[in-house]
Structure formats: C-alpha cells, structure tokens
Amino acid sequence: MKELVVISGKGGTGKTSVVAALARLAHASMLADCDVDAADLHLVLSPTVGPAHEFSGRSQAVIDADRCTGCGLCVEHCRFAALALNPARVDSIACEGCGLCVRICPVEALRMEPVVNGHWWLSETRWGPLVHARLGVAEDNSGKLVALVRNEARRVAEERGLDFMLVDGAPGIGCPVIASLSGASMVLLVTEPTVAGRHDLGRVLDLVRHFHLPFAVCINKHDLNLRQARAVQTEAEAAGALFVVPIRYDRAVTDAMVAGKSVVDVTTEGAAADLSDLWLHVSTALAEVVRGTETEQGK
Amino acid sequence: MRVAVASGKGGTGKTTVAVNLAWAAVQDDLQVQYIDCDVEEPDGALFLHPEIGSVLSVDVPVPTVDEDVCTHCGVCSDVCAFRAIAALPTTVLVFPELCHACGACTMLCPEHAITEVPRRTGELRIGSAGPLRVVTGVLDVGEAKAPPVIRAAKQHIDETADLVVIDAPPGTSCPVIDSVRGADLVVLVSEPTPFGLNDLRLAVDMVRALGLPLAVVANRSDIGDTSLREYCQEQGIEIVLELPFDRRIAEVYAAGGIVVEGLPEYGVHFRELRRRLGVLAAESVS
C-alpha cells in the first residue's frame with residue numbers, strides 16, 4: 001500500500017486544506033486524520049460519522065483516602081508533582097501513570113485505573129473511509145492515539161482493498177508527528193513563504209531525513225512573498241526534495257473552507273489548478289517510490 | 001503579570017500576538033520577559049533577534065544499569081509503565097526515548113544496580129533583545145518529549161518582571177498544559193474560520209479544565225464568518241483584540257519584522273490589549 005503523510009512543522013500553513021483537496025483528487029483512498037490534538041479534516045469532508053470508540057492511553061493513580069495514613073512517601077517520590085496530602089489526592093492532569101506511588105505505598109492506599117482519554121471514529125466520506133480521533137481535554141499520550149488511528153486506518157484499507165492511504169499529520173516535530181510518520185512511503189511537507197515557515201521547514205526536514213523518508217515540498221500561498229518562496233525552494237531542493245510545487249494565495253480556499261468544502265470542490269481555477277498539479281506530481285512520485293522499494297526488496 | 005499566549009490551531013498568529021504584546025510593553029519602558037515555550041518550533045527569536053548570552057543544555061535523567069551488579073531479575077522491566085527498560089536473560093536494554101524519568105526502576109531495583117545519568121533533549125538560549133529579556137526553549141530534532149524543555153524554560157521566569165509573556169505551543173495536550181500552568185491569564189488566538197473555531201473550543205475546554213482565566217484575540221477578524229464572535233458571546237469570553245486581515249501585517253510577518261515597529265499605528269492596539277489583560281487578571285483574583 002502507498003502511504004502519503006502530509007505534515008507541516010509550523011501550524012496554519014494549509015496542511016489540512018491540502019489533504020482535503022488531495023482526498024478528492026485521489027478519489028477512492030483511505031484517509032487518516034492524525035492531527036488528534038486539533039482534528040479538522042472532518043470539517044471539510046462532511047463525513048457520515050460512525051460510532052465513537054473509547055481510547056485509553058494510560059492508567060492513573062487513584063487514592064483511597066480511608067486507607068491513607070498520610071505518611072507522604074508517595075508525595076516525596078512522585079517526579080510529576082501529581083500527589084498531595086490533606087486531603088490525600090491525585091492531580092489527574094499531572095499524573096503520567098508511572099505507578100511508582102502504587103508500588104511504594106506501605107499501606108496499599110493507591111491503585112492504578114485505566115483512563116479514557118480520547119475517542120476515535122471510523123466515518124465515511126465521499127472520497128473514502130476516514131479514521132479520525134479526538135484527544136480528551138488536557139490529556140497527553142497523543143502519540144499513542146496517533147498510532148491507533150494509523151493502525152485502524154491500515155486495517156480498514158486492507159479490508160476494503162484500498163491501495164492508497166492519505167494521512168493528515170500533526171504539527172511540530174515531537175511525539176505525535178514521529179508517530180504519524182512510521183510506515184510512510186513518502187512525506188509531503190506543506191510550508192509558507194515566511195521566516196517562520198522557512199525556519200520550521202528546516203527542522204521538519206531534519207526530522208524526515210533523520211527517519212530516511214523520501215519527501216516533497218509544497219509552498220502554500222507562495223506569491224505572498226516571492227523572495228522567501230524562492231529561498232524555501234532552494235533549501236528544499238538542496239535537502240533532496242523529490243519536487244517542490246507552489247500553490248498561489250487564493251481567497252477561494254478560505255471561502256470554500258467556511259462553506260465546509262475543499263477549494264477543488266468548487267472550482268478548477270486558481271489555487272485549485274495548482275492543487276491538481278500537486279496531485280499529478282504526488283501520484284507520479286509515489287508510484288516511483290513504491291516501485292523503487294519493491295525492486296529493492298526483490299533483490 | 002504572567003500571560004500565556006496559546007491557540008488550539010497553529011498558524012493563527014500566536015507568535016505575532018506574543019511578540020508584539022511583549023515589544024509594545026518594552027516601548028513603554030516596562031520590565032518584560034519573553035519565554036518561548038513552543039519548543040518544537042520556537043519562532044519568537046526570528047522576530048526578536050535576541051543576543052544570546054548563554055546556552056544551557058536541557059537534560060533528562062535516564063537509567064543506566066551496572067551489569068556487574070545486575071542479576072537480571074527483571075524487576076525493572078516489570079515496574080516500567082512505559083516499556084523503556086527491558087531485562088533480557090543476559091543483558092538489560094534501555095530505550096531512552098520512551099523513558100519518562102519517573103525513577104521507578106532506579107528506586108525499586110533490589111540490587112541497586114541502576115543509577116540515573118543525564119541525557120540531553122534540548123537547550124535553552126538565554127539572551128536579550130534590547131531591554132527585552134528572551135528565553136527560548138529548543139527541543140532537539142528527533143526527540144519526542146517537549147515538556148522537560150518547557151519546564152526548564154519556565155524555571156527562568158523572573159517573578160519581579162512587570163510582564164512575562166509565554167509563547168505556548170499549539171494544540172491542547174501535554175506541552176500546552178505545561179506551558180500555560182501558573183499563568184495569571186491565558187490568551188487564545190483564533191481566527192473566524194471553521195478550523196479556527198473548532199480548535200478554539202478545544203483550547204477553551206483545556207484552559208477551563210486547568211481553572212485558568214482566559215480571553216480571546218480574533219486575528220484576521222474580517223475573513224470567514226461570524227461564528228467565532230457568536231461562540232465567544234455565548235460562552236461569556238471577552239474578545240480582547242481584533243486584528244483585521246491587513247496584507248501589510250502579513251508582509252511584515254513574512255519578512256520577520258515586529259508589527260508595532262514596522263506599523264506603529266498598531267502599537268495602540270497592543271497597549272490596549274495589555275491594559276485589558278491586566279484588568280481581567282485582577283478581576284479573576286478578586
């Protein structure tokens with residue numbers, strides 16, 4: 001199966017809008033929204049939402065106040081400042097679920113309990129099934145939820161015989177992004193022509209090269225600053241990008257989003273034409289990357 | 001006053017608001033500190049160009065096993081909730097990137113064969129841009145966990161400063177929570193689009209779960225639709241600043257400039273923002 005993961009380093013560069021457009025242009029594909037912290041893909045794909053499944057990414061310490069003698073051993077050894085006395089309590093947001101307190105409590109006043117800290121759904125869009133999720137408020141472990149979304153999406157794709165999976169990745173360079181990259185055939189980086197866009201692209205380029213993944217770059221709203229756009233292009237090519245495709249600034253993209261659509265749903269001109277060009281590049285490069293991997297495996 | 005600037009959605013103008021809030025205060029001769037806690041993509045320095053006085057490594061403790069003492073009993077693997085240490089029949093493997101530094105293996109090893117050694121995950125760059133003191137947390141590329149770098153950056157907060165601006169990462173999960181904890185007020189920067197509103201709702205829920213007072217800045221307030229304003233009204237959240245879509249702001253930003261320097265007419269907006277945040281923070285205390 002071919003897997004394209006779209007990430008951006010910097011937020012707000014248009015990653016999800018690009019994914020939504022590619023979803024339509026690719027027709028039947030498997031879709032996965034790994035931006036579980038701020039999942040927005042469903043807002044433009046208007047899916048028929050399937051039943052909610054619970055996600056438990058961790059366990060958490062629970063204290064039995066009746067048994068607690070207030071000795072303070074747990075408070076002293078908790079590295080996350082998650083325990084307090086008088087009254088004995090656990091800060092459920094600070095607790096990372098290591099379980100040290102449970103093991104050292106001399107009177108067994110603490111126990112671990114699994115926490116539901118997110119939900120995920122298998123939904124149906126016009127362009128293919130979509131696995132999406134929402135992390136509970138003020139929860140961590142988004143990396144685990146991302147891994148779950150990916151694995152579920154892969155399972156559904158196999159079940160339904162879909163050979164292309166499109167993944168909306170997370171922003172940044174930390175644990176959720178790293179989790180969304182595992183198993184990618186190719187990575188598409190969406191950036192913008194600003195100093196911040198360039199700087200963040202540099203960091204995310206280092207990340208994809210760290211994992212030896214083939215990648216391409218798309219410069220969104222490239223005409224907002226042509227000088228920065230040229231600099232981005234040069235840097236991306238020097239870093240070994242398979243291709244660099246510009247997309248023009250087009251208010252129709254925002255208008256379409258406000259209407260709950262992708263720009264390629266409403267027009268074939270302007271940014272929509274650039275996105276079609278991007279899809280042509282992506283599909284060609286993916287076919288080559290996959291053929292390359294198969295040849296290598298054949299050896 | 002300690003203000004954390006956050007946003008559910010990335011790219012809404014969080015850094016622009018944080019940088020200009022800080023810089024407008026410096027222009028008024030206040031003692032200001034800017035703490036960049038968006039350690040995965042720390043961009044504040046691209047606009048502030050601080051001179052770096054010192055660079056400090058951020059280390060987290062990870063276990064190391066003394067093989068001469070280890071009896072391969074397997075207690076360390078059993079007690080590790082994060083599968084970061086695996087006791088095999090003849091050796092013990094440590095996976096530093098999975099380790100949460102909880103200390104369980106070190107403390108519970110019956111042979112005392114485990115000690116903790118520091119492992120670098122990022123750095124702090126401490127410096128100043130004119131009178132503005134700047135602390136930038138930077139997570140090393142390839143490292144998964146931002147919170148230790150964020151916590152280290154926040155240890156450099158100067159309680160005596162008139163204004164401390166914390167630039168938080170986007171999203172609603174652990175790095176954001178570590179960044180906004182302890183703030184007198186959280187400013188959420190959003191834009192009036194379906195993505196902006198959806199992500200703002202999540203961010204509001206997060207800030208409320210932490211019990212912190214909050215306010216909203218509506219950036220590019222004239223694009224999109226009216227749903228952001230309606231949501232804030234319904235929730236009783238004050239929109240403390242509306243910035244219109246102004247191509248000149250986009251140009252100043254793209255080139256790495258500070259808006260209140262390049263477009264001085266915006267100075268009044270960021271002064272008014274600071275005044276209003278002061279009022280809201282004081283109200284929440286009383």
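Domain bounds come from an automatic or database domain assignment. On that basis, chain A splits into domain 1 (2-50 + 118-298) and domain 2 (59-114). Their C-alpha centres lie 41 Å apart.

This is a predicted model, in which local features need pLDDT of at least 70 and side-chain atom pairs count only at pLDDT 80 or more, while totals for chains, interfaces and linings use all residues. Residues are numbered from 1 along each chain as its sequence is written, and chains are lettered from A and ligands numbered from 1 in the order in which they are written.

**Chain B**

Secondary structure here follows DSSP runs, numbered from the N terminus: helices are H or I of at least four residues, strands are E of at least two. A residue is buried if 20 or more other C-beta atoms, placed from the backbone, lie within 10 Å of its own. Contact means C-beta atoms, placed from the backbone, within 7 Å.

| Property of chain B | Value |
|---|---|
| Secondary structure | eleven helices and eleven strands |
| C-alpha box along the principal axes | roughly 70 × 45 × 40 Å |
| Buried share of the 286 residues | 52% |
| Share of contacts (separation of 6 or more) from residues 24 or more positions apart | 74% |

**The interface**

Chain A puts 49 residues in contact with 50 residues of chain B. On the chain A side, the elements giving two or more residues are α4 (100-104), α5 (142-160), α6 (175-181), α7 (195-210) and α9 (251-258). α7(A) gives the most, with eight residues. By class, this side of chain A has 19 nonpolar, 19 polar and eleven charged residues. Nonpolar covers Ala, Val, Leu, Ile, Met, Phe, Trp, Tyr, Cys and Pro; charged covers Asp, Glu, Lys and Arg; the others, Gly among them, are polar.

Conventions:
Contact = placed C-beta atoms within 7 Å. Buried ≥ 20, exposed ≤ 12 C-beta atoms within 10 Å, placed from the backbone.
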